[in-house]
Structure formats: structure tokens, C-alpha cells
Amino acid sequence: LPPSFLLYLGRIDKNKGCQALFDYFVEYAAERPDAHLVLAGPSTLPIPAHPQIHELGYVSDAVRQALLAQARALVVPSRYESLSIVLLEAWNHGLPALVNAHCSVLQGQVRRANGGLHFRTAREFAEGADLLLRNEPVRAALGRQGLAYVEREYRWPTVLGRLEALL
């Protein structure tokens, strides 16, 4: 794999926003030969034959963990998420995210965590990708803030305390 890449994890499907991701990334990569997109997950959608798009298919847990450790950012292009487990998983690795702003849940999670950026258009995607791929201090800060959010909101003591209060 290339040393610097954006990562998509999960089912590669039109309903997950992957066609828009491909369109945006191909446009973005046309002017940035060092940009790469790595896809890990089963596909129900044709993936463009492009030298900067790397399809891995289904990967083991060990490979998944290695991808999360090496990626520059996670991309979540879906318009339809209720709670993105993969987003929380990325933050658990200190990895910032670039999410679809048309999904108010994703946009809200990213804003509350201050753990990434969001996009609505190809231009916003390109600007966010550039920032996350090329600006190490910003990328690291967003990743740390995402991790702090997971620590604060999703660790077992916090979750159990909320359940007990609810009951």
C-alpha cells in the first residue's frame, strides 16, 4: 500500500455513498498523483479501475487494525447512518474522519468530537482530503480529539452508568 492514503472500511455499495466517493476521489486524484484511496470490504458496486484506488476486498481483523493504524483519515461517504461504528473505531485509533455532511448524524458526531471534517461537494471533499493528507498537526489534533470523545462517551463505565441511570 502507499505510505499515505484515505481509508474506506465497510460494504462498498451505492447506498453507502461509494459512487459519490469514487466520483469525488477520481476528480481529486487527477490533480494529486500522490493521493490514494484504499477500500476494504465486500463490494456490490463496480470499482473504478484507477491506479490510485486500491481495493482489498474483505480483510481479516489484523489487516483491518493495521489499515486503521496506517491510514491518514477515514472516509465515511454515507448519507444514511444512525451511528457509525467504523467512525468510532477509527477515532479509537486516533484517526480523523472525513464524513458526508448530508448525513446529519455523521456531521453531528464529527462536530461533537471535533474529530474530523465534513463535505457536501467535490470541492469540499478535495479541501478536506488535502488538509487531512498534508497537514500532520491538524490531522493529529483531530485524531486526538476523536479519541478523547470515544474515551469520554463510549467506554464501558460511561455506557453502563447511563444504562443504570435509565433503569
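This note goes through the strands, cysteines and surface of a predicted model.

1. Basis. Residues are numbered from 1 along each chain as its sequence is written. Because the model is predicted, local features need pLDDT of at least 70 and side-chain atom pairs count only at pLDDT 80 or more, while totals for chains, interfaces and linings use all residues; side-chain values use heavy atoms, with hydrogens and water left out.

2. Strand β1. This strand covers residues 6-9; strands (E, at least two residues) and helices (H or I, at least four) are DSSP runs numbered from the N terminus. Leu6 and Tyr8 point one way from β1, and Leu7 and Leu9 point the other way. All four are buried, that is, under 20% relative accessible area, where exposed is over 50% and partly exposed lies in between (1.4 Å probe, protein chains only).

3. Partners of β1. Strands pair if DSSP finds at least two bridges between them. β1 runs parallel to strand β2 (residues 37-40), with 4 bridges joining them, and Leu6 stands opposite Leu37 in β2. From β1 the chain crosses through helix α1 (residues 18-29) to β2, a right-handed β-α-β crossover. Right-handed means that, with the strands pointing away from the viewer, the path from the first strand over the helix to the second runs clockwise. β1 also pairs in the parallel sense with strand β4 (residues 73-76), over 2 bridges; here Leu6 stands opposite Ala73.

4. Cysteines. The whole structure has 0 disulfides, a disulfide being a pair of cysteine sulfur atoms within 2.5 Å.

5. Surface patch. Trp156, Leu160, Leu163 and Leu166 form a nonpolar patch with about 490 Å² of accessible area together. Areas come from the Shrake-Rupley method with a 1.4 Å probe, and for residues only the protein chains shown count as cover. Patch residues have over 30% relative accessible area and no salt bridge; nonpolar side chains (Val, Leu, Ile, Met, Phe, Trp, Tyr) are joined within 5 Å, like charges within 9 Å. A salt bridge is a side-chain nitrogen of Lys or Arg within 4 Å of a carboxyl oxygen of Asp or Glu. Leu166 lies in helix α7 (residues 156-166) and is exposed at 70%.

6. Val63. This residue is in helix α2 (residues 61-70) and is partly exposed, at 36% relative accessibility. Val63 and Tyr24 are 39 residues apart in sequence and 26 Å apart, C-alpha to C-alpha.
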